[in-house]
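Please walk me through this structure in plain terms.

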Amino acid sequence: MSTVEMADRLVVRVSGECDMSSSGELAAALTAALESSPRTEVDLGAVGFLDSSGIHVLVTAYRDAQSRGAVVYVTHAAGMVATVLEMTGVGTLLASPSQAER
C-alpha cells in the first residue's frame with residue numbers, strides 16, 4: 001500500500017489481497033488520507049482479491065468522507081474485485097466523480 005500526492009487529490013494505491021489481514025492497514029491509510037486531503041482516490045488496479053472486511057473499510061471511509069465534506073472514490077477495479085464492488089453496490093457508491101456523472 002502506498003499513498004501518492006497529486007495536484008488535486010491523494011491516491012491510495014492498494015495491491016495484493018484486501019482481506020482481514022490487510023484491512024487494518026487500508027483503514028489507517030484511508031483515515032490518514034482523509035485527514036490530509038478533501039479528495040481521496042483508492043486505486044484498486046493491483047488488487048486481486050477483496051472480501052467483506054475490505055468492503056467494510058471502503059464503506060467506512062466513504063461515511064467518514066461524507067461527514068468531513070470530503071470525497072473518496074475507487075478507481076481501476078477489475079476482474080473479481082470489480083464484480084464484488086458491483087454485486088454489493090459499493091462500486092456505485094464509490095464511483096469516481098467522472099463516472100458518476102455518466
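Helix H2 has 17 residues, which at 1.5 Å a residue should span 24 Å, and its end C-alpha atoms are 24 Å apart, so the two values agree. The expected span here is 1.5 Å times one less than the number of residues in the helix. Helices (H or I, at least four residues) and strands (E, at least two) are DSSP runs, numbered from the N terminus. The model is predicted: local features need pLDDT of at least 70 and side-chain atom pairs count only at pLDDT 80 or more, while totals for chains, interfaces and linings use all residues. Residues are numbered from 1 along each chain as its sequence is written, and side-chain values use heavy atoms, with hydrogens and water left out.

Several residues of H2 are buried, namely Ser53, Gly54, Ile55, Val57, Leu58, Val59, Ala61 and Ala65. Buried means under 20% relative accessible area, exposed over 50%, and partly exposed in between (1.4 Å probe, protein chains only). The cover over the buried residues of H2 includes S2, H1, S3, S4, H3 and helix H4 (90-93). After H2 comes Gly69, which has a positive phi near 75°.

Apart from neighbours within four places in sequence, Ala65 is in contact (heavy atoms within 4.5 Å) with Leu34, Ala70, Val71 and Val72. The C-alpha atom of Ala65 is separated by 7.9 Å from that of Pro38, a residue 27 places away along the chain.

Next comes the sheet. Four strands make up an open sheet with mixed pairing, in the order S1-S2-S3-S4. Strand S1 (2-5) and strand S4 (71-75) are the edge strands, each pairing on one side only. Two strands pair if DSSP finds at least two bridges between them. From one strand to the next the twist averages 20°. S1 and strand S2 (residues 10-18) run antiparallel and are joined by four bridges. Between these two strands, which form a hairpin, there are four residues. Ser2 stands opposite Arg13 in S2.

Helix H1 (residues 23-36) packs on the sheet, where H1 touches S2, strand S3 (39-50) and S4; the direction of H1 makes about 175° with that of S2. Helix H3 (residues 79-88) lies across S3 and S4 and runs at about 120° to S3. For these angles, axes are lines fitted to C-alpha atoms, for helices over the stretch in contact, and angles run from 0 to 180 degrees between N-to-C directions.

What lies inside? The largest nonpolar core has 27 residues, and those with the most contacts inside it are Leu30, Val42, Leu44, Leu58 and Leu85. Such a core is a set of buried Ala, Val, Leu, Ile, Met, Phe, Trp, Tyr and Cys residues joined through side-chain atoms within 4.5 Å. At least two residues of this core come from each of S2, H1, S3, H2, S4 and H3. H2 gives the largest share, six residues. Not counting residues up to four places away in sequence, Leu44 touches residues including Val14, Leu58, Val74, Val81 and Leu85.

Finally, Ser96 lies in the loop between H4 and helix H5 (97-100). Ser96 is buried, because its relative accessible area is 7%.
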